[in-house]
Amino acid sequence: MPTINVTRDADADPAIALPSYETAGSAGADLRANLPDGDRATGWFLAPMERRIVPTGLRVEIPDGFEMQIRPRSGLAAKHGVTLANTPGTIDSDYRGPLGVILINLGSEPFVIGHGDRIAQAVIAPVVQADYRLVDSLTDTARGAGGFGSTGRG
């Protein structure tokens, strides 16, 4: 099991929990909003079709050979239409900056992001880097060049 070292930003609220797995079988650890001091009581409003980088107040150190994937929370998407603008987001092992989550409101109503709300989940995954090589031709397959729905409906 890899260990993810975590520090808090200087202005982060230390009362906000670190990423945590809600059940024994959870693949993702919940990330929480850690809003600026002046916004903690009211939260942030996210209008329909608005996107915003929501701070977690954290910085992470991911071991070499791993990445942190930032994924949406299914409940926010199903109930409110709130998801991630880039999913999954990737946090590379050599990144040490603030951990933010790009939320977008695809719903029809404004959504309030509360201080401490669970806003996304982090999945730690192994990374394999490939060697890209220019060749004269590619091998043939039954599918060939068919794409974007070529194997069936949708």
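Strands in this report are DSSP runs of E, at least two residues long, and they are numbered from the N terminus. The model is predicted.

**Backbone points**

Met 49 sits in the loop between strand S3 (44–46) and strand S4, and S4 covers residues 51–55. The phi of Met 49 is near 70°, which is a positive value in a residue other than glycine. Most residues other than glycine have a negative phi. Met 49 counts as exposed because its relative accessibility is 53%, and the cut-off for exposed is over 50%.

A cis peptide bond runs from Thr 87 to Pro 88, with omega near -5°. Most peptide bonds are trans. Pro 88 lies in the loop between strand S7 (82–84) and strand S8.

**Arg 52 in strand S4**

Arg 52 belongs to strand S4 (residues 51–55). Its relative accessibility is 31%, so Arg 52 counts as partly exposed. Which residues does Arg 52 touch, leaving out those up to four places away in sequence? The contacts are Trp 44, Phe 45, Leu 46, Val 101, Ile 102 and Leu 103. Trp 44, Phe 45 and Leu 46 fall in the range of strand S3 (44–46). Val 101, Ile 102 and Leu 103 fall in the range of strand S9 (100–105). Arg 52 and Gly 116 stand 64 residues apart in sequence, and their C-alpha atoms are 16 Å apart in space.

**Salt bridges**

How many salt bridges does a search of the whole structure find? The search finds six. The table gives some of them.

| Side chains in the salt bridge | N to O distance |
|---|---|
| Arg 118 and Glu 22 | 4.0 Å |
| Asp 30 and Arg 118 | 2.8 Å |
| Arg 133 and Asp 131 | 3.0 Å |

The pair of Arg 118 and Glu 22 links distant parts of the chain, 96 residues apart. Arg 118 is in strand S11 (residues 118–126), while Glu 22 is in the loop between strand S1 (5–8) and strand S2 (29–32). Arg 118 is partly exposed because its relative accessibility is 30%. Glu 22 is also partly exposed, with a relative accessible area of 44%.

The side chain of Asp 30 also meets that of Arg 118 in a salt bridge. This pair links strand S2, which holds Asp 30, to strand S11, which holds Arg 118, across 88 residues. Is Asp 30 buried or exposed? Asp 30 is buried because its relative accessible area is 6%, and buried means under 20%.

These bridges belong to a network. Glu 22, Asp 30, Arg 73 and Arg 118 are linked in a network of salt bridges.

Arg 133 counts as exposed at 63% relative accessibility. Asp 131 has a relative accessible area of 59% and is exposed.

**A negative patch on the surface**

Which residues gather in a patch of negative charge on the surface? They are Glu 61, Asp 64, Asp 92 and Asp 94. Asp 92 is found in the loop between strand S8 (89–91) and strand S9 (100–105). Asp 92 counts as partly exposed because its relative accessible area is 43%. Patch members need over 30% relative accessible area and no salt bridge.

**Around the patch in sequence**

Not counting residues up to four places away in sequence, Gly 65 touches Ala 125, Pro 126 and Val 127. Gly 65 and Pro 2 are 63 residues apart in sequence, with their C-alpha atoms 10.0 Å apart in space.

Ile 91 counts as buried because its relative accessibility is 11%. Residues up to four places away in sequence aside, Ile 91 touches Val 60, Ile 62, Glu 67, Met 68, Ile 70 and Leu 99. Ile 62 and Ile 91 are 29 residues apart in sequence, and the C-alpha to C-alpha distance is 8.3 Å. Thus Ile 91 is buried, whereas Asp 92 is partly exposed.

Definitions and conventions: Residues numbered from 1 in each chain as written. Predicted model: local features only at pLDDT ≥ 70, side-chain atom pairs only at ≥ 80, totals over all residues. Heavy atoms only, no water. Patch = residues over 30% accessible without salt bridge, like charges linked within 9 Å, V, L, I, M, F, W, Y side chains within 5 Å. Areas by Shrake-Rupley, 256 points an atom, 1.4 Å probe, with all protein chains shown as cover. Lys, Arg positive; Asp, Glu negative; His and termini not counted. Charge placed at Lys NZ, Arg CZ, Asp CG, Glu CD. Helix = DSSP H or I, 4+ residues; strand = E, 2+ residues; numbered from the N terminus. Buried < 20%, exposed > 50% of the residue type's maximum accessible area, 1.4 Å probe, protein only. Contact = heavy atoms within 4.5 Å.
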